[in-house]
Amino acid sequence: STYPSLIGQCWQAHPGSVCSKGSCGKNGTRDQFQEELVIRPLHSGDIYASFQFRTLWDIDFLQERQKVSHYRLFPKSLGQVLSKFSVRELHISFTQGFWRTMQWGQPFIPSPPGAELWVWFHDTVSDVDGNWKELTNVLSGIFCASLNFIDLTNTVQPSASFKPLGLGNATDHRFLRYATLPREIVCTENLTPWKKLLPCGSKAGLSVLLKSEKLFHSSFHSQAVHIRPVCQDEQCTSKAWELRQTLNVVFDLYTSSQGKKEWSLFKMFSRTLTEACPLATSSKIYVDITDNPELFELNPVTPLLSQAVVLGDRRTYSVFDLTRAETFGQLCSLNLLLRWKGDSDMLRPLLHAERYVAGFGLQTGEIHTVIYNNHPYRAFPVLLMDSVPWYLQLYIHTLTVTSKSRDNKPSYIHYQPAKDRHRPHLLEMLIQLPPHSMTEVTVQFERALLKWTEYTPDPNHGFYVGSSVVSALVPSMVAMNTNFTQDQPLFSSFVPVKEESSYFVRVYTEPLLVNLPTPDFSMPYNVICLTCTVVAVGYGSFYNLLTRTFQVDEPSLPLEKRLANLIRRIRGVPLLA
Amino acid sequence: MDYYNLMRIFAFIHLLVSIPHGYSNYVETKAGQFFSSGHTNNWAVLVCTSRFWFNYRHVANTLSVYRSVKRLGIPDSHIVLMLADDMACNYRNPKPATVFSHKNMELNVYGDDVEVDYRGYEVTVENFLRVLTGRLPPSTPRSKRLLSDDRSNILIYLTGHGGNGFLKFQDSEEISNMELADAFEQMWQKRRYNELLFIIDTCQGASMYERFYSPNLMALASSQVGEDSLSHQPDLAIGVHLMDKYTFYLLEFLEEVHPASQANMNDLFKVCPQSQCVSTPGHRTDLFQRDPGSVLITDFFGSVRKVEITKDTINLTSPVEPPIQRSGSGDIQIESLTYVDQLPVAEIIHQKPKQKDWHPPDGFILGLWTLILLVFFQTYGIKHLKHIF
């Protein structure tokens, strides 16, 4: 139960989980909400802020088929979607900008530019494609995005990538669907419904910082919704639904901070924090202070420190707990100030991928995907998944995979050819990357000529090809934590860790923009005009020549002779000439 | 004296009697006015049909009408907003997530809680007509539908590039005035509106409402046939023209209107005379039943709810039962659940290839075999069949 109290001068609501009337024991419900913000200064002077909002919905899975569910913290629109379409896992992300791995390191939750949606359905579903089509339409209404453009021409069924991130053991890939819309724009109209899914909306807690004018004036902005079944408690005997809403944003040094490496919450978000969300059991801010401790300054100072191993690296964080009134100080508002001088060495990311189109002209081309393994002595396998639309016709016999200028044969290849206007290409390969090397995958393609009604209104912009996905278990220098505890910060508990020596990472390449041979759309009009003119002038003249008869025209008589002819006609006498 | 006093008392009593009578007359006229318009809900369909950065002003036009309509009370669930291109988060916008209507960036019409229903390539003539007539595929979400009934007042606002008798959608297709008139007739026959206000801000806009023939339609346009609608003012920082003249003055007019305002349609017809607009705005009211002077602006731009009192009793269904309590722990398996391995390399390498579903042979194969069989039997004849089998 929550009740406000007067501590010092600030009103502060005591947080607690939302329990049903009576007990919070085994028969009660234990919905939980946690919110977290991680601020990580990047060595180029930019700053990376990652919000995570996690809602745990305690619902009895055995009675999923019942028609009525109680929604406390979990949003009703998503709950109804899950039950109607028998969804086991849903991951949707909207991204503006491209994550620059070499400059910024690895993100906590990666996402490709544009919109990406991948869904695991339950094995009780008989018509997966029908459910998928309806699900995309419903989600396009919920998120105000054009997700209804997802259809069979851009949906693939990966055979080995995108394993479920939630609980479960059966993984029949017939129930997985993956689609991406690289052209999708993200703006305030997508942020508004996303904020409405939060229990506190945008009124209290960390979500007051989400102001669109600042968030979209950044180098990278990504908002995502991840729904999956997780362990309800430490024994992991029963499941609960987990909804994670994540928002990653990277503010640029020059556009947002005028070139000075001084950041504050007010500068980044044009707001400060005054309270935690009253419905949250934990509301924390983590500031990464691992790099450069002497030259780094953080105001206000907090005694709480925490260490976490994330992405193969042990980092130290200063923790600000918003559920405690002391965090807000005398002014009842929290505005973090970060200042640092000098440069720090960035940990070089071990896995990195790029993609580009080579060739010239509008008929053929070549797609090159380059994957870098920067580990000094360990080799590890990566799974590369490529989904290419049907209008780029791939010639798979020209597929080459080379590492260190030698042929590298993949140990697993799955290729599904495209069907014109029905299905895109799907290529999945498991490649072993040698240590400290660059691996290049090339394949040639030919560009198709579309029907003139299939072109978009602005075809000269080009056509997008979605990002490639590289999934890998990267060997970790530091032992990863495999214990599942409730107190783990959210950013380190997203991907389940099975073994200590490696961590799972997913890297997205750039999307490609390819020009297809574009016809001149004014040609039908030109052809009609020309043909009609030729027919009218040519055939008309010919017809006239053939069918026209000539008559001699009598010259007209002067007036006296006409009058005389009139009188003669009356008299009945022959007329004058 | 007595007579004088008596007259005074008499006048005073007469006054006392007449005041409540006059007051009840006043109340009756007010009540009559309250129920005169006949609509119970309001909808708005706001469409911007132009793409590309230099058509920023059309998006700003539509967003300023959206802002006014939302401010006067119509909720997002009753507004269908169609924007053909994204200007706010366009890479050429020096201030992202904003769309300004006044120069020097005075008024951000994009706001903080905008919900766009149709955007980008979805804004097509087909989708627009489907929204109007209600003939959408069954999986269309509610926010993309115009769920109006026969007591709805609908405001339709179109802006973009147009000509004599047509309006261009995204530079690749167009809608003609006859199609629009037919769509409204379909709406009338399906009882999808009570009254409809149609506003168009394009060049030669008056040509678009020439062909209307359904009842209860009122139309306004920013220019007559043969005239161009002009844009208002550029902003040097953004680099494009921000608004069109007609909608700019319309926005100024609507900013004065509040939900209880009594401004009527005659005031709306006077918005942007030729001295301000350079083009001559036109309007058409012959199909409208009521006198425009008695139609309030808030009948279309706002959402004043009317209440109907009914004397029938309604039976409520029995309350929903609470969900069954979790069954005892004896029924559930106690084995702990695990997460799936994210990259099971050994499993992937030894994965069996996916069994392809068998499909019956398609037309080409069937045709080929039919041809072969026909030729075979023609050559050899049926009578040899028994020698073969």
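Relative accessible area, computed with a 1.4 Å probe on protein chains only, classes a residue as buried when under 20%, as exposed when over 50%, and as partly exposed in between. At 27% relative accessibility, His161(B) therefore counts as partly exposed, whereas Cys203(B), with a relative accessible area of 18%, is buried. The structure is a predicted model, in which local features need pLDDT of at least 70 and side-chain atom pairs count only at pLDDT 80 or more, while totals for chains, interfaces and linings use all residues. Residues are numbered from 1 along each chain as its sequence is written, chains are lettered from A and ligands numbered from 1 in the order in which they are written, and side-chain values use heavy atoms, with hydrogens and water left out.

His161(B) and Cys203(B) are the positions at which an unreviewed UniProt entry places the feature "active site"; such annotations may be inferred rather than shown by experiment, and the positions are given in the numbering used here, with feature names shortened. Although spread over 43 residues of sequence, the two cluster in space, the largest C-alpha distance being 6.5 Å. With helices (H or I, at least four residues) and strands (E, at least two) taken as DSSP runs numbered from the N terminus, His161(B) falls in the loop between strand S4 (152-159) and strand S5 (162-163) of chain B, and Cys203(B) in the loop between strand S8 (195-201) and strand S9 (217-221) of that chain.

Contact being defined as heavy atoms within 4.5 Å, and residues up to four places away in sequence not being counted, the residues touched by His161(B) include Thr49(B), Ser50(B), Arg57(B), His58(B) and Thr202(B). Asn55(B) also touches His161(B), and the side chains of this pair are joined by a polar contact of 2.9 Å. A polar contact is a pair of N or O atoms within 3.5 Å; within protein, one must be able to donate a hydrogen and the other to accept it, and residues adjacent in sequence count only if both atoms are side-chain atoms.

Between the two chains, 71 residues of chain A are in contact with 51 residues of chain B. The buried area (accessible area, 1.4 Å probe, that two parts lose on being put together, summed over both) is about 5400 Å², of which carbon and sulfur atoms give 56%. Five salt bridges (a side-chain nitrogen of Lys or Arg within 4 Å of a carboxyl oxygen of Asp or Glu) are counted between chain A and chain B, one of them between Arg119(B) and Glu184(A) at 2.5 Å, N to O.
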